[in-house]
Amino acid sequence: MDTPDPVTPLTPAEQAFVATLNANWTREEVLARLQTDLQTAIEIELATIPIYLYTYYSLVRNNESGETISDAQLFANKAGGVIMSVAVEEMLHMSLSSNVLFSMGVAPQLYQHAPSAYPTGLPYHNPTGPVGPDGQTAVQIPLGKLGFEQLWHFLQIEYPEQWNAPPQDSNWDTIGQFYSYIRCLLSTAFLTDGDFQQGAWAKAIQPYNYSPNNVDTVYPDAGFDPWKPAPPAPTPGWADPVQGAAAAAVFPDYADSHVGQTQLVAVQSIQDAATAIDTICDQGEGVPIPDVGPSPDDDQSKDEESHYVKFLTLQAQFADYAGTSEQRPLQPPAPTDVIQPAITQADLLAADVLVNMPDNPVAANYPPLYSDIANFCSACFQYMLIMTETIYLVPPENQKLFFNEGLHRSMIWVLDKYIRTIRQIPISGGAYAGMMMGPTFENVSLGLRVNSFAGLTDFGNKAIEAAKALIAEEDADEAGDKVAEALDHLNFAAEAAKIEKDGDLVSVLQNVIYYVCVAISKTSADGYPMHLPDVGQYWATA
Amino acid sequence: MASSATPTPTPAPPPGVPVPTPYPYANEPAYPGPNVIGPQPEGMPLHACMGLNACAGADRFGTAGPPGGKGPNACAGQGYCSTGTDHTCHVQNDCKGQGGCGLYGTGEEMNNPGANDCRSLGSCATPINGERFSTNGPNQGQSVWLRARAVFEANWAANQAELKALQAAGKIASTQALPETPGPAPAAFAATGPTYLWISQDNEARGNMTACGSSGMSGAGGCS
């Protein structure tokens, strides 16, 4: 049911702080602080994305499908869907904060603004938090595969603001309190709608670019008949009388889980800015219930769980949940018992639905050549951030096409596939020996934004050469003509070289080459570019 | 390099179980394979899936029809499968009307499968396997192919008027028949669309198409 929520009224603590601001601050101070805090908000949201994606890509969601799917596979698929559903909303939140800042005439900064190393605190996060399962209070979030401890770190990120908590924009305890500070700044007497009309509204990231669900947020609630046609088609006589995929599908995000008329609002007023900030708070922490605390749900129609509850529910299915010393907030209430069927990380690894990727990997610690393959992944990530910044420079009439050919293609057709390819590469030596490759999400330099496609191409060529060398080491004969064809990426529409399914290491390395080519050189049969767009034209005149 | 001491790469996902038996499409023409598309009527638009063709002879088998001398499909809306370049994902379509739908994209895109405006603005893989359901918008949880057929029928009059204008301008041969109404999709698939069981030739050729996504819920294998 699409029922937009109203902006949440200020709490007594927020009202008191607004009164203090009105009495003691100047307009200039409020504007400057708001712009600084919005850039910090962008970096907080950005910081969560590699963390959630790394854990997401540790999961293998479709090793098996059908009516007799195992408990381990079912859980891995659910965990993947839930984590992706949150990651998608973090991308929304980053876009919303960016739109508010852009409306004030300030260009959002994303490129090389992700965490510089892992484990990491979030920007201006209180480094000491509630006691975790290990008895420690440090807030240091790792890149890590799925497990009970990793989900605790997710809870550290999403720990919900309690009712009437003080606004904080430094040393903050919860993201809700950080945004509460921004809500207060927005509520001062100093601001006018004109302050949010300093960036062209039509150039903001538009609502039509956001979708709450996709095939990766969806997961099955139980075994299903994958052969059954989707409804309302009648069940054919040859199909089993059990539920099909559509009936089993859980959609963890809802179209109405937002404040105002749309999820991804383009800002041109104080009300728009407040709407954007409130959507971020509610989706992360739940709708606040006056005098009680955060609701388990992120909207008043109670369809979608908050990020905190989504992750807590996953964590509560781990056997480790029983007797854990982790300290949870009073609201919303936590499950009292382990959710059945209970699972362990060892179960997931044994079932081959969890990839044994290292914690906090860095490319420099991969063996030679592997590091070049890892670096291209980081380069693609950084280029995606540049493309996001570029949206604000693209003529509005071209935004949809640029978003599809830039952001969507890079996310789904390059980064997603590249990571799911490299995680099939075993590491035989060095710090991560015996484990599988994972992305490092480092702030590699692509040079100036105007030249960044060339920078991306350089990283791509190094990855191709590395894959070529590894293939030669592995078994040159096995590679055959197909590899030679793939390496001619300047003239070759990489499609033909793609190895359709996982296989031996040579095939995996061929796929590395293929996906690099998708990013930097792929063309259609009629010569139209099918690679990522070169953003240089937009930055040359910026 | 890899040795017996290091983990082996993850194997490809096997078919969902149990696989229906006996194969229910033994009397239907076999799916021709990825990007195997017969000669098309000159100047007529390509399309995203079975039953979405604008005229006789426009389908996967083309003007020659399927092997066995059955002849080409007799009318608009009766074709076997897509004629646009096969692709597996959102924004990978070459041209207008060639986008599938349902996996990635907005609710509006998912409500208009096979009716995208232009290159890179289509939504998701073609052909549209019958198991696929929309993940966003008013068609969420419902068949993408049935929605595509409904959109095809709803847009029929406008699209035919456009084709007639092109014909009047000499861009489509004057001998090309432009029917007033579309016929039904091939009977074995009219209620469902082309199932992955048929597209994969009873799992003998699972590479015939891949729909994107890792949840295993696209009904067409998904990306590894």
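Analyst: Start with contact: two residues are in contact if their C-beta atoms, placed from the backbone, lie within 7 Å. By that rule A:Ala87 touches A:Ile49, A:Tyr52, A:Leu53 and A:Tyr56, leaving aside residues up to four places away in sequence.

This is a predicted model, in which local features need pLDDT of at least 70, side-chain atom pairs count only at pLDDT 80 or more, and totals for chains, interfaces and linings use all residues. Residues are numbered from 1 along each chain as its sequence is written, while chains are lettered from A and ligands numbered from 1 in the order in which they are written.

Now the core. A nonpolar core is a set of buried Ala, Val, Leu, Ile, Met, Phe, Trp, Tyr and Cys residues joined through C-beta atoms within 7 Å. Buried means that 20 or more other C-beta atoms lie within 10 Å of the residue's own; exposed means 12 or fewer, and partly exposed is in between. The largest core holds 189 residues. A:Ala87, A:Cys380, A:Ala467, A:Val512 and A:Val516 touch the most other members. Helix H3 (residues 71–103) of chain A gives the largest share, 18 residues. Helices here are DSSP runs of H or I, at least four residues long; strands are runs of E, at least two; both are numbered from the N terminus.

Where does this core lie? Domain 1 (12–207 + 255–350) and domain 2 (363–540) of chain A both supply residues, so the core lies between them. The domain bounds come from an automatic or database assignment. The C-alpha centres of these two domains of chain A are 30 Å apart. Their contact takes 16 residues from domain 1 and 17 residues from domain 2 of chain A.

A second, separate core has eight residues, including B:Met44 and B:Cys55.

Two helices of chain A are worth a look. H10 (residues 370–391) reaches 32 Å from its first C-alpha to its last, close to the 32 Å expected. That expected span is 1.5 Å times one less than the number of residues. In H10(A), 21 of its 22 residues are buried. H11 (residues 399–422) of chain A bends by about 50° at A:Arg409. The bend is the angle between axes fitted to the seven residues ending there and the seven starting there. In H11(A), 19 of its 24 residues are buried.

Last, the whole chain. Chain A has 14 helices and four strands. Buried residues make up 57% of its 542 residues.
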